[in-house]
Every structure is written in structure tokens, then in C-alpha cells.
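Please read the paragraphs that follow with the model open beside them.

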Amino acid sequence: MGKFLTKEKKASKRKRILKSLEGYVYISPWLIGFLTFTAFPLLSSICISLTEWNLFSAPEFVGFANYSKLFSDPLFWQALKVTAKYVFTSVPLRLIIGFTLALLLNNNIPGMGVYRTIFYLPTVTSGVAVSLLWLWIFNPEYGILNVILQKFGIIGPAWLMSETWALPAIIIMSLWSVGGSMIIYLAGLQNIPSQLYEAVDIDGGGWLAKVWNVTLPMMTPIVFYNLVMGIIGSFQVFTDAYVMSNGGPHNATLFYVLYLYRNAFQYFEMGYASALAWVLFAIILGFTLLIFKSSPMWVYYEGEMKNS
Amino acid sequence: MAFVASKKRQELIKTTMVYITLSIGAVIILLPIAWMLSTALKESGSIFLFPPQWIPKPIRWDNFSKAVNAIPFWEFLKNTLIITAFGVVGQICSSAIVSFGFARLDFHGRDFLFFLLISTMMLPGIVTMIPVFMMFKAWGWLDSFKPLIVPSYFGSGVFYIFVIRQFFMSIPFELDEAARIDGCGTFGTFWHILLPLAKPALMTIAIFSFLGHWSDFMGPLIYLNDTSKFTLSLGLNLFRGMYNTDWNLLMAASLLIMLPSVVLFFFTQKQFVQGIVVSGIKG
């Protein structure tokens, strides 16, 4: 009897191991990819950041020299400043405009599908073609933007050729694809149960009460998601800066990743570029954690409904 | 009665306001595209006219063929298609099988590994870029399509894995059990039961994967050196360097490159929007 049990136990243990093994076989493509293209590079990136390495000769260990060099590198601070300005204007603007458009589209009146398509359209286009289009729009003399401004009696700036207006131009361009976050907000709005609005109706509340007491709290998880993703993405802008202004004029659009790219692939300063990458990672992580930590104060989850 | 009438009027005013605001927005969104099309059809002399013509006179359809002939367009297109096709297939296959593992199989450390997977979604790609570049260099993969294709087969579309796993989770487990009773093994359950059901979700990620590969710029910029291996994005950037002020040709070329994405969007709109709704944004 006892013997039989242990045998069965053994068999079930073997079965469990086999089952586990089977699971690993299925996730192996990702697991291998994770180890080779994420985990290992992540670790080696730390090591590279502690060396001086120009790709052509052997790496030389320099300790934290690359990191201390950062603090005295004016271009690093410039890149950080430019990127921060971009992130802290573009992300909130896209949030507000995207949310407003979604609110407007979330009306039960005909034609909303057409508008939704139009607003979403720019998001499917990206890359060099879009950068070139906006380069032409921002052309100081013949671009359509300054032509329109002139109709209103405004003499438009030189946009990408002006130190003051180059960054705002790239921010304006980023607003064109606001449809991406809009559609996520719209999906969220359509998921709000209509009973909640009916409850406000019964209480005699108007439109404002509905937005304030139902829509906003119910949407906070989605705002949270868009905020996190928006910040992570915006810190890494590259193509627009590279194609439209190549960092100029006078480094007015020297985005962080553009500066990193130059260090790595034009000056071949792999160690310094890796240090730059890690600092950016730390900054992004810091902001992400900040949003996560602050989320109990302003993100509303349905589970909490009982308490309020 | 008067109360009802005033409420109706209020509704009407609100609706009108909504239409007006949305229409202004729509004009702002569409203006750049109209401007692009208009420029692409102009002859060189009339690009710099003031005030600009919206409807070009004469309409120069041959700008498109001029733009195509100014660069090795077909070669760039071929390269882009190869990278995009292999990349999309790789991302679909690997995301489907991996997400099945995470959604349906029970194994040691699964939840921890899935947590790792989600964490990498927030990892800025820039951090791993340099070591990965060195690795591909050591493997002799530089100036080939491999760095742009191979990672797709190893779950580089982390977000897609997440999306399809969410989708699989919404399919009742009873189906798996029924399949097992009918004699399906694990792979059979995946292949015959879950995969066909996941078709809409797979279509959605295929579209997003296509868009990502099609307009990717930084990847090809870093890995491809030889002009004969350039993608359309790189080619367009090259073209721009050569034809700095030929805005009509530049816009014609840009338009051609944008066109597949826009056409795809129009034909698969439903999948697009549904995909975004389903894709577990609530997750």
C-alpha cells in the first residue's frame, strides 16, 4: 500500500515536472529573446557604461568617469532641458485635447464614426514621411502655417529655423497624432455603465455633475495608463528631431535620444552613450514610480466603489 | 410642456456646438494632408507661389513617377517589404504561442515571468540598444536585415503577447477541456481551438506590427549602411538630402510611402478600433 502511494506520488511529480517543462517550451521564444535581447544587454550596458570604448580598440575600464563627465557636459544638460520641456508640454496637452475630443465624440448623434476616423488617421502614419510633411508646413516663407497666420495678420516665426520656435514646432506636430490617446479615452468612456449617469439624473444633477462625479473618476485608470505610456514614449523622441531639425538651431532641439545616438553611432563613444542611456532610464523610471506611487490618491478603481 | 421644449432646445444647441467643435478639429487634422496632396501635384514653378494655390494648375501626376525614378524606389520597397513581412509573421507567431503558454499552461514561476514580461514593456528601448548593437556586430549581422527581423521571432512584440494573452483569458476553459476529451493534446488545443478563435485579435496585432515595421526609422538607420539595403524610410531621408527644395517631389514620395498605412487603416478600421477596445487597456 505504502509502496503504491509513493509510486503514485512519484508519477504525479514527474507529471508536474513534465507539465512545467511543456509550459517553458511554449514561452521559450520570448524567454530566449528576453535573455538575449533584454536581460543580458541590460547587464552588459552597465559594464559598458563603466568603460571607454570606441568599438575599434579594446574597452578600457574607467569606473564612474562617464557619469561624472555627464555633469560637466553642457550638451547633456541642454538635451535634458529640451526633452523635459517637450515631455511636460506635449504629454499634458495631448491628454487634455485627447480627452476633450473623446468626450465630444461620446455623444449619441450621427456622424461620430466619421469624425473618429478623421481624428485617428494621423496616428497610422509616422516616421520620416510625416516629419517631411511638417517640415514643409513649417517652412517660414512658403509653408501653409505661416500663410494662414498671415491671413490673420500675424507674421509667423521661422519655426524650425528659429531657436525659440523650433521646439514648439515639434510639440505642435506631436499634437497632430492626438487621435491615438483619444481613441483609448473613447473606449474607456463607452465602458462606463449608463446606470451611473442615470443615478446622477435621479439626484437632479446636470451635465457638469455627470462629468465631475462619474466620468472623471471612472476615467482615471485610463488617464493613468496614457500618462505612463506617454511619458515613457515622449522621453525617447528621435525621428522627428533627427529628420526635421537635426538638433538645431544651436541645439534648441537636441533631444536626449538624438544626443545619445550621436555619441554612440557618430562619435563611437559607446561607454559615454551607455551612461547616457542609464541616466535616461533612471529618470523615466523615477517618473513612472512617482505616478504609480501617487496613483492611490487620484486613480479610482471599481473595487473601491463600496467605500464611497 | 414648456419645460420639455426648452430642454429640447438645449439639446439642439449642445449638438450644434459639438458638431462645430468637431468640424474645426477635423479641418485642422485634414489640412496637412490636403496641403501634402496639393504640393505633390504641383509643378516645380508653382510651389513657391504666393498666395499658394490649393488646386494645382496644371496637375502634375507625373511627379509620382519622377519621385519614384529619382531614387531606387523599387529596391527600397522590396527591402521594406521583406523586413516588414518577415517581421510581422515573426511577431504574430511568437506572440501567439507565448501568450498561449502564459494564458493556458500551468508551470513553475509563470506569474513571476509574466510580471517580468510586463515590466519590459516599460523598459526604454534605448537602454539595451548599444549592447544589442555590439552583439549583432560580433555576430557579423550588421548591414543585413537580420537585426531587424530575427528579434521578432523571439517575442520582441511584448505588447502583442500581452494583448493576445488577455484575449485568450477571455475564452472559457471549458473549450480546452472539451478538446482534451476529444483527444486533442496541448498543441492541438492551441492550434485547432484557441488560435482560430483569436483570429480577430491576431489581425489587430498584425496591423499594428505592420505599421511599426513599415515606418521604422531608427532600426534601419543603425543597422543598414549600404544604400542597396535601405528601406523606404531611409531612402526618403536620403532623397530629401538630394532634392532639398523640390517639395513637390518630396511630398509625392512621402505620400506614396504613407499610402499603404492609410489604405490599410481604411479597410480594417473596425479591427483597429475594436482591437484597441479589446486590447486590455483595462488590464
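Four residues of domain 1 of chain A are in contact with six residues of domain 2 of chain A, two residues being in contact if their C-beta atoms, placed from the backbone, lie within 7 Å. On the side of domain 1 of chain A that touches domain 2 of chain A there are two nonpolar, two polar and no charged residues, where Ala, Val, Leu, Ile, Met, Phe, Trp, Tyr, Cys and Pro count as nonpolar, Asp, Glu, Lys and Arg as charged, and the others, Gly among them, as polar. Domain 1 of chain A covers 2–49 and domain 2 covers 67–306, with bounds from an automatic or database domain assignment, and their C-alpha centres lie 39 Å apart.

This is a predicted model, in which local features need pLDDT of at least 70 and side-chain atom pairs count only at pLDDT 80 or more, while totals for chains, interfaces and linings use all residues. Residues are numbered from 1 along each chain as its sequence is written, and chains are lettered from A and ligands numbered from 1 in the order in which they are written.

The contact between the chains takes 67 residues from chain A and 70 residues from chain B. Helix H1 (residues 2–49) of chain A gives the most to the side of chain A that touches chain B, with 19 residues; helices (H or I, at least four residues) and strands (E, at least two) are DSSP runs, numbered from the N terminus. By class, that side of chain A has 50 nonpolar, 15 polar and two charged residues.

Chain B itself has 14 helices and zero strands, and its C-alpha trace spans about 80 × 75 × 35 Å along its principal axes.
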